[in-house]
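Visitor: I am new to this structure. Please show me how to read its features, one at a time.

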Amino acid sequence: MDVEEAQVNTSLNCARCKREILCACGEEVGTFTGVGDFDGALLIKAGPAGKGRLVPLGGCVPIEIGKDPAGRIALPGELVSRSHCKLQRLDFGPSRWTLEDNNSTNGVFVNGQRITSHELQDGDVIDIGEYELHYKLTAAVPEPEPELAEVAVAEPPPLARRSLSRKTPAVPPGPGPICPSCDNQLAGGARICISCGIHVHSGRPLLTSEGLDENTVYGNAETALKVVSWVVWVTPLPIPLASAAYGKHKPYAIWTIAAVTVLASLLFFVACFGSEPHWAKNLKLWPPHVYVAGVTDEVSKRMDESDDGMIGRKRPVLHDSDGEPDSKEELRNLIAGMPAREDGEFHWWQLLTHALLHDTGSVIGFVLHLGGNMLFLIVFGSRVNAIIGNVATAIAYPVLAVAAAAVYLWTLPHNHFGAMLGASGAINGLAGMYLVLFPAHRVYCAMWFRFRFWLAMKIFPMRGFWLLLIYFAFDAIMIILGGGGGVAHWAHIGGFVTGAAIGLGLLMSRTINCSNGDLLSLTLGKHAWPLIGKPSRWTVKTVAQVPVVS
């Protein structure tokens, strides 16, 4: 239908379908003043008032939503704040709108996830207090049900008065369900407890999202990857770019770890440029059985002084095909025949220092190794840091580095004499914690393929558990196939499993609040509460009972 400027922000009825329409615009509109298109709209699907109302959105000024009758979109309700949230236009033709929470008491949920800021997409389901709204392109808005059309004709409500006819009650009469977590009585027909952030029947959570600006994520990623693709021309696995997992702490610990790692790696690269000094080699992680090759007299002396056929640095006794220990002479001949080179030797501090160093073989190798690890550290580590706090992160990270190194050494064959370096084992530990704490939150990823000047690139969101399980499976497959490619897959596995165990320990000790988005809550619902406690334990104050609507 055509709407005059003077009719904007007033309640109307469509002459064709009789649907109630309120063209919402943030600014006052004068006659013959353009206000932009109204091709984006909110459809009120459920709530105490206004069910079936279509609200086309226009103008450039933010549109306030709340129970304040003076607001552009008034939603009277017990769980709606006076200024609950607002809509901010991003673009015209087609319209693009961002929904932003105004620090409301009960929050704003889009597609079941709590958000702070979210760019609306066609079909998004929005929960504001007791209301359910759908964002639609006006061309795709369905026809109203006949009963709703009759209500609109019988009583077109004014802007400040949004009540329904008794023929279509928005809330079923009678008392609502009791929340199994906080034991508060909810409004009639309620399916979720907003205070606890759960579905009442199953106890499963509503996810709280960080509310990333997807346009910023996509735009920055496209700009950066167009450059990176000239060096890395194909990606066999999805590359994480950003996570929507939510936490209240600033990730100062991860930022510090990243800065220290970059600085230490750069200094190590400079020190090893041309030739590697012995002190630098001893910062890498060496197996305990590594020796200084080429000094056969010293090796022989140590073997002769040993009463069990082992050299002084605890090299295990070699066995022949019959399972009998080789003689000292056979072992001496074997060692003497090895290439003469000076290697490092194992020291306890290498369990930590190896995580501060990266590949020095070439400039490109160094940049890719360090850059890839820091990307994973920021994406996953910062979100873990945000939920467990800075002190806990500062303790957990070195523990994960030691655990990854220990598993790597434990699984090494005795004929391996190379050293390991890199932060990937510890970072995989943070990824294991992320899997437990944020399994269903979205991670924005990228894949691309470049052939000369032709670039095919895809940026997409996927659930965190899918992405992490893909990388875990890759490490496991490479171990099974016996392929290493210079990658310490066992260190990845060891760090990941240790991180998952630490995450479960934090959950079961009830020391962190994951806003119910953890692995146990999502899979077990209320059956996880005996292990991790009820969601209401994190509620600061008791939620007042909601009056029953009769």
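Guide: Start with a cut-off. Buried means under 20% relative accessible area, exposed means over 50%, and partly exposed lies in between. Keep in mind that this is a predicted model.

Visitor: Let me try it. Is Glu-132 buried or exposed?

Guide: Glu-132 has 17% relative accessibility, so Glu-132 counts as buried.

Visitor: And is Arg-191 buried or exposed?

Guide: Arg-191 counts as exposed, at 62% relative accessibility. These two residues form a salt bridge, with their closest N and O atoms 3.4 Å apart.

Visitor: What is the general idea behind such a pair?

Guide: Side chains of opposite charge can pair when their charged atoms come close.

Visitor: Which parts of the chain does the pair of Arg-191 and Glu-132 tie together?

Guide: Glu-132 is in strand E14, residues 131–137. Arg-191 is in the loop between helix H1 (146–154) and strand E15 (192–193). The pair therefore ties together parts that are 59 residues apart in sequence.

Visitor: How many salt bridges does the count come to?

Guide: Five. Another of them joins Arg-96 and Glu-119, at 2.9 Å from N to O. Arg-96 lies in strand E9 and Glu-119 in strand E12 (residues 117–119), so this pair links parts 23 residues apart in sequence. Arg-96 is partly exposed, with a relative accessible area of 26%. Glu-119 is buried, at 9%.

Visitor: What does Glu-100 form a salt bridge with?

Guide: With Lys-86; the closest N and O atoms are 3.9 Å apart. Glu-100 sits in strand E9 (residues 96–101) and Lys-86 in strand E8 (residues 85–91), so the pair ties together parts 14 residues apart in sequence. Glu-100 is partly exposed, with a relative accessible area of 24%. Lys-86 is partly exposed too, at 23%.

Visitor: E8, E9 and E12 keep coming up. In what order do the strands of the sheet run?

Guide: The order is E7-E6-E8-E9-E12. These five strands form an open sheet with mixed pairing.

Visitor: Which are the edge strands?

Guide: E7 (73–74) and E12, each of which pairs on one side only.

Visitor: In which sense do E8 and E9 pair?

Guide: Antiparallel, over six bridges.

Visitor: Now helices. What is the general idea there?

Guide: An α-helix has 3.6 residues a turn, so residues three or four places apart point the same way. For a case, look at H8, which covers residues 363–388 and has 26 residues. From its first C-alpha to its last, H8 reaches 36 Å, close to the 38 Å expected at 1.5 Å a residue.

Visitor: Where does H8 bend?

Guide: At Gly-381, by about 30 degrees.

Visitor: What caps the N-terminal end of H8?

Guide: Ser-362 does. A side-chain oxygen of Ser-362 lies 3.0 Å from the backbone nitrogen of Gly-365. Just after H8 comes Gly-389, with a positive phi of about 95 degrees.

Visitor: Is Cys-193 buried or exposed?

Guide: Buried, with a relative accessible area of 2%. Cys-272 is also buried, at 9%.

Key:
Residues numbered from 1 in each chain as written. Predicted model: local features only at pLDDT ≥ 70, side-chain atom pairs only at ≥ 80, totals over all residues. Heavy atoms only, no water. Helix = DSSP H or I, 4+ residues; strand = E, 2+ residues; numbered from the N terminus. Expected span 1.5 Å × (residues − 1). Bend = angle between axes of the 7 residues up to and from the residue. Polar contact = N/O pair within 3.5 Å; in protein donor to acceptor, adjacent residues only side chain to side chain. Buried < 20%, exposed > 50% of the residue type's maximum accessible area, 1.4 Å probe, protein only. Salt bridge = Lys/Arg side-chain N within 4 Å of Asp/Glu carboxyl O. Pairing = 2+ DSSP bridges.
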